[in-house]
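These are my notebook entries on what I looked up in the structure.

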Amino acid sequence: MYKCKKVMAVVLTAGLASAFLMGCSQETTKTTTQPDGTVTIDFWAAPNPPQQKYWQQMADEFAKENPKVKVNVSPMPESPSSEAGIQAALAGGSAPTISENISRGFAAQLSDSKALVPLDTLSDWGEIIKNRQMNNTISSWKFADNHQYVLPIYSNAMLFAWRIDMLKQLGYNEPPKTYGDVMALGKKLKDKYPDKYVWANPDLTDPTWWKRWFDFFMLYDAASNGNKFIEGNKLTADDTSGVKTLTFLQDLGKNNLLLTNQSTDPFEKGTSVWTTIGPWTFSTWKEKYPELKFNESYVLSPPPVPDGMSTENVKTFSDTKGLVIYAQAAPEKQKAAMQFIKWVYSKPEHDQKWLEITNLPPARDDMNTNDSFKSYLSQHPELQPFAASIPNGVPPVDNAKFNDLQTTIGKQAVNPVVTGKSDPAAAWNAMKKELQGALK
Amino acid sequence: MVGNRKRWHNPVLYTLASITLLIMIYPYLHMVMHSLAVWDQVDRNFFPTKFTLRSYQWLLLGAEDVQPRPWLRAFLNSMFVTISSTLLMMLTAVLAGYALSKFVFKGKKAVNNVILFQMFFPSIILLIPSFLIVKQLGLYDTYWGMILPKSVSLWAIFMYTNFFKVIPNDLIEAAKLDGASEFHILFRIVLPMSRSITTIVFLFLFMERWVELLWDMLIVKGQQHLTLNVLLAQMFGPYGAYPGPMYAASVILTVPIILLFLACSKYFKEGIQFALK
Amino acid sequence: MSRREHRVLGWLFTSPYLLYSLVFFLIPLCWAMYLAFSDWNLISPVYNMVGLGNFKKALENPGVRSAFWVTYKFMAFFVPIVVTGSLLVSLLVNSLPRYKSLFLVGYFLPYLASGVATSLVVKGVLSYNSPLNEWLRGSWNLTIDWLGSPVSALLIVAVIIAWKFIGYYSLILTSGLESIPTEVYEAAAIDGVTGWSRFWRITLPMLYPALFTVLILSAGVTFGIFTEVYILTKGGPDNATNTWQMEIFTQAFSKLDAGYGSAIAILASVVTFASIYVIRKLMEKWGDRYGWE
């Protein structure tokens, strides 16, 4: 009996004490301008830990030179995706000042709802573009209303990783390049290891829109040699390559080369030999799987292509994200945000640091020519294939309805084909029909 | 069931009961074991053999490329939100329960009916507009936004109303003759008599609020007001999961409430008898 | 105390509750009705009224249809599991000569678990290369796609939630069992009623009030599933675990279609209310047979 009272007393004290602590540390960010003229801006970094680390360092350095502007860096909430987190914050009327991790499609959706500041209307925009050497890059980012809403930060061509150590056991010295090669490899793999799979990816049965970036679009962009899936409000997808892509996925499934069960790190643990990969994976590997070594245990390659297609300069999906400033932020915050961005991108060293911390290629015109990037890449051979693939990257669908559209690709095409519920041609047509309906 | 029990029954029954107990608490044991396991055994061995504090360290201090997330703060936030919300629910319930059981006033029946109606009304319809109300009140991403919408429990009102009905009116009348005010009577005489029911109500409300995810997830955006459940649910993004720290975080989320419950289990047993009637 | 005092204090003491109901019940209720006829996306400054459009869209949406059926399928799994489970547990506890409450407290512990934590644990335990599945594959040559096949995914969610509630419900049933007077059993023993027939003909009817509570409570739980599904399956595979809450959350806060989400919420409420009502009536019919009012 006394125990209960004691514990309750402790709990209540803890609650009140925490209330007191919270009360003291709160409310510093709510007011825009402090009496001494200090402006605090909120910066939402991508959920990827290295990106948080980078922006935190930038904010700290910036603070030393600019005591009047305080940059508060925090990871964006993922509930259940970072896009949904931002939308909910906008709906709640408390968006941050800046956030990164914005794709073009999402920016289009947000600008339709008047949630973003047209960056080109803020002073310093031209100077930022010039300082960062991104005149070419930025031109393709113009929106339908002739404004610029996003400053692209990185552009990363996605690749596939192969377990070369296991491939060698099967008699391969390099990864397969065509669908036929992959199927042949799969047969050898199954003969030797009936329990292993070519690709372990539960996402293939998940209709969540962004999952399509890392399976369907990688393969489709390669198979169609960079065809734009949707252009403006028109479906411009290429039927032949689309059906070939789906057929490949179905063949993998049919031959039991695909594992769609939920699994923990199947590639790293050797359950499968193939996986989608972005450069952010390397820092996780360093921590969790230090035994995985480039060229010894794994190699990187562009997506496989349909038989008979050229295997040179294979196109792939390019994960391209940038930063935006939100219209909900007060004008003085917007101004301070521009000041911060301008400072960050005034020096190429900052982009080099970005590359070092995040491994993601900065979206600059001089990415492959600038010596400081070159020397960093030469020390990190595992990043070279990513850098080399930048010219082959195909940006994501930039329609404002990207969520519904890409969900449809999953629901109508990828998911049923992989599980064998529908055949590729029929699935492709069903998908097209629904997409055309949604695009009207 | 008395009378036909044979001696050999007992060991069998106790074994069965103990096995059931083990099954019921196994998930907790699993959580604790794997939160302490070395990383290449987490989720790979049924029973880890080597132990380390690395998962906790990773969680609280971060790693080379990983900024630590504010777990301590989230813990305090959860504590604060849960306690404030629970205490408010108790206060509103005690007041309403006392009024509905001891006062005679016009409209009482109507209030009773409204309570009954709300109890059976599917609250799912209120999710979206409640979010908008909180926003309109300027409470989005604040503690109050999490606390106020959960400051009334119809179940608690119901429990207190029924319990207070049993307390004899003579007692209250006697106190009144001594010049005690209604507030004094309620908080100094009636409430102390309701200790067992209060414990039960407190524990149940506390438990329910402690595990809330959906509402807190909608209201919290920044780092400042994150609760443990929300932070834990957010920890798993597309950029790679860390099972060890996930188990460690689950332990942090679960242990306090178990301790609280076990400490109060004696009161719990007394109170539950009434609560279940 | 005068009548006036009664009246003033009565309203004063209930006012916090009434104020709350106004702000967080009545106003939201009206607002939801209004929203359901609009196409507002929560962000945009402009929106249109679309009449019954949202309801029409909802009725055609596979997500909504699945939510409707998933709820009953879930109920078909969950209610039998949790009721039999807690009944067995309470019969077991009730037959223990001593340490009854010790065990009851132990069985209650799962009720304290946060759905987020348990779901994450289950996710780890059921992943393809977890020790459990490796063992099943190694010893039994069995590979089960636990969360990937519609039936087992729903079953797993049902089991997790049943695990959480069994301890709580067995408390209710145990107190019901304890309230059955021993004379009834003694009289039955004289008539030669023992074993199974005693259970069916005496224990179960006498336990009816407690069972009624448990059944209504567990049916109620069915309509409010969110956390476990959100963490484990996000409503998949192929909408097999897409509950009402999950569907509303997705539409309103993930796709930001608040008007549409409100329309679904209204449909969900109607369905929930009607279902619970029917279940109550059925239970009462059953009670009539045993002579309970």
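I looked up the contacts of chain A and found that residues 24 or more positions apart account for 77% of those with a separation of 6 or more; two residues are in contact if their C-beta atoms, placed from the backbone, lie within 7 Å. I note that this is a predicted model, in which local features need pLDDT of at least 70, side-chain atom pairs count only at pLDDT 80 or more, and totals for chains, interfaces and linings use all residues. Residues are numbered from 1 along each chain as its sequence is written, while chains are lettered from A and ligands numbered from 1 in the order in which they are written.

I then checked the dimensions of chain A. A compact globule of 440 residues would have a radius of gyration near 22 Å, and the 24 Å of chain A agrees with that (taken over C-alpha atoms; the rule is 2.2 Å times the number of residues to the power 0.38). The C-alpha trace of chain A spans about 70 × 70 × 50 Å along its principal axes.

I recorded 18 helices and 13 strands in chain A, where helices (H or I, at least four residues) and strands (E, at least two) are DSSP runs numbered from the N terminus. Of the 440 residues in chain A, 52% are buried, meaning that 20 or more other C-beta atoms lie within 10 Å of the residue's own, with C-beta atoms placed from the backbone.

I turned to helix 3 of chain B, residues 71-102. Because 27 of the 32 residues are buried, helix 3 of chain B is largely enclosed by the rest of the structure.

How many residues of chain B are in contact with chain C? I found 69, which meet 75 residues of chain C. Helix 1 (residues 9-36) of chain B supplies the largest share of that side, eleven residues. The side of chain B that touches chain C divides into 48 nonpolar, 14 polar and seven charged residues (Ala, Val, Leu, Ile, Met, Phe, Trp, Tyr, Cys and Pro count as nonpolar, Asp, Glu, Lys and Arg as charged, the others, Gly among them, as polar).

I last consulted the domain assignment, whose bounds come from an automatic or database source. Chain B has domain 1 (9-61) and domain 2 (71-234), with 35 Å between their C-alpha centres. Chain C has domain 1 (1-35) and domain 2 (51-289), with C-alpha centres 34 Å apart.

Technical notes. A residue is buried if 20 or more other C-beta atoms lie within 10 Å of its own, exposed if 12 or fewer, and partly exposed in between; C-beta atoms are placed from the backbone.
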